[in-house]
Every structure is written in structure tokens, then in C-alpha cells.
Amino acid sequence: SVIVVPYCTGDVHIGDASRRYGDDPSSRPVAHRGYRNVAAVLDWLAEQKRTLRNVVVTGTSAGSYGALFHTPAIANLFPSAKVVMLGDSGVPLLSDNREVLRQWGADDVLAGLWNQRAQADPLDAPLRQAHLVASQAGARLAQITTDRDSVQGAFYIVSGSPGWRSDTYTLLEEVRRLVPGFRSFVVEGADHGLLPTDAFY
């Protein structure tokens with residue numbers, strides 16, 4: 001069985017806010033409601049009352065972040081299942097996450113998702129914390145990316161830093177120290193999104 005959560009709200013599946021951008025007061029607000037979309041899917045899934053042995057949570061690019069952030073809730077739905085999360089092309093989000101996450105309303109979402117299992121400030125190294133919380137929920141975790149990912153690198157440059165590659169290696173090393181059994185695969189190249197390719201398999 002496969003469940004797909006489409007990406008349509010520009011907030012890596014963890015936003016819960018409406019924001020108007022730019023100086024034009026007549027511009028349409030952007031509904032960052034990725035969290036509500038995922039929550040609706042998880043509510044539906046809980047109603048199915050299925051018992052599963054294996055669950056794979058995965059996503060590419062923005063979906064990689066959503067997969068990681070929501071893995072603990074999925075693991076809680078299936079406490080007897082082996083849960084594996086594979087993130088594809090979704091390591092360091094931006095060079096400075098804090099203001100973007102606040103704009104999306106993701107700071108409150110993350111605080112609610114993590115409860116007391118994370119540090120007090122959900123915006124303090126959120127990707128490192130997300131791996132730790134997912135691991136504490138019993139999931140096995142892995143990340144795959146290319147070493148010169150053109151899309152992730154471009155987002156990083158736009159957010160004020162050319163250091164995506166070094167920050168990627170730093171994050172992966174931090175997670176390896178924190179999370180037993182964590183695996184990462186850094187592939188040579190600039191491709192973005194490896195799961196849809198034959199080369200991955």
C-alpha cells in the first residue's frame with residue numbers, strides 16, 4: 001500500500017500560518033498549511049485501524065523534510081511495525097532556518113510535534129533534533145544526497161551562505177553521533193532527487 005501526500009504549500013509539510021508577502025496590500029496571502037494536510041492524512045490512516053509489519057516513510061526534496069518531521073507520529077500509529085525513514089535530497093534546509101520557520105508557523109508546529117522529547121527551542125538545530133526525536137520513536141533513519149546538489153546548494157546561496165556542502169557533512173556527522181544506526185549516503189554529482197532514478201536502485 002502506498003500513501004502519497006502531495007506538496008502544495010511551500011513549507012516542507014510543517015507550516016500552519018497564512019502570510020502575505022511583499023508590499024502590495026492587495027496581494028493574495030499564502031496559506032502555509034502543510035502540517036494540516038499531513039495531519040488530515042494521519043487522522044484518516046488512524047481510522048483504518050491497520051496492523052502493519054513494515055512502514056517506509058520517504059520523500060524527495062521538500063518531501064524529505066516532511067518525511068523526517070512526521071516519522072514520529074507515523075511510528076506512534078504503528079507501534080509494532082518496523083519503521084524506516086529514508087530522506088532523499090533534504091539535508092540542511094537553509095543557512096538560517098529560524099525566521100523562515102517562524103513565517104511558516106512551523107516553530108509552534110515543531111514544539112507540538114516534539115513535546116518534551118526535544119530541547120526547549122524547536123528552532124535550535126531543527127534537523128538534528130528531528131532525527132533524534134524520530135530515533136527515540138523507534139524509527140531507523142537514513143539520508144541520501146549528492147555532494148553538489150544543485151537545488152539544495154542554490155537555496156543555501158539565496159539564504160546567504162555558499163556553505164551547503166560543508167554544512168551537510170557537519171549535520172550528517174552530528175546525527176551519526178546522536179543516533180545509533182543512522183546511515184547516510186553521499187553520492188558524487190549535482191543531481192537533485194535520487195529516489196525516482198534507475199541509478200538509485
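Is S89 buried or exposed, and what is its relative accessible area? S89 is buried, with a relative accessible area of 1%, where buried means under 20%, exposed over 50% and partly exposed in between, using a 1.4 Å probe and protein chains only. The residue is found in the loop between β4 and α3 (98-104), and S89 has a positive phi of about 60° although it is not a glycine. Helices (H or I, at least four residues) and strands (E, at least two) are DSSP runs numbered from the N terminus.

The model is predicted, so local features need pLDDT of at least 70 and side-chain atom pairs count only at pLDDT 80 or more, while totals for chains, interfaces and linings use all residues. Residues are numbered from 1 along each chain as its sequence is written, and side-chain values use heavy atoms, with hydrogens and water left out.

A second residue of this kind is H13, which has a positive phi of about 70° although it is not a glycine. H13 sits in the segment before β1 (17-19) and is buried, with a relative accessible area of 8%.

The strands can be followed through their pairings, a pair being two strands between which DSSP finds at least two bridges. Strands β3 and β4 run parallel and are joined by 7 bridges; here T58 stands opposite L86 in β4. Strand β4 (residues 82-88) also pairs with β5 in the parallel sense, over 5 bridges, and in this pairing L86 stands opposite A142 in β5. On to the next partner: β5 is joined by 5 bridges to strand β6 (residues 183-187), and the two run parallel. The bridge partner of I144 in β6 is F185.

How much of this is covered? In β4, 5 of the 7 residues are buried, so the strand is largely enclosed by the rest of the structure. For strand β5 (residues 140-146) the count is 6 of the 7 residues, so β5 too is largely enclosed by the rest of the structure.

Helix α2 is mostly covered, with 13 of its 16 residues buried. The 16 residues of α2 should span 22 Å at 1.5 Å a residue, and its end C-alpha atoms are 23 Å apart, which agrees; the expected span is 1.5 Å times one less than the number of residues. Even so, α2 bends by about 50° at T71, and a proline, P72, follows within four residues. The bend is the angle between axes fitted to the seven residues ending at a residue and the seven starting there.

A pocket is found on a 1 Å grid over the protein atoms alone, as an open set of points with protein on both sides within 12 Å along at least five of seven lines, and lining residues have an atom within 4 Å of a point. The lining has 26 residues, of which V2, I3, V4, V56 and V57 lie nearest the centre of the pocket. By class there are 16 nonpolar, 9 polar and 1 charged residues.

Finally, T197 is found in the segment after β6. T197 is partly exposed, with a relative accessible area of 27%. The C-alpha atoms of T197 and P29 are separated by 36 Å, and the two residues are 168 apart along the chain.

Technical notes: 1 Å grid on protein atoms, 1.4 Å probe; cavity = no way out; pocket = protein on both sides within 12 Å on 5 of 7 lines; lining within 4 Å. Nonpolar A, V, L, I, M, F, W, Y, C, P; charged D, E, K, R; others polar.
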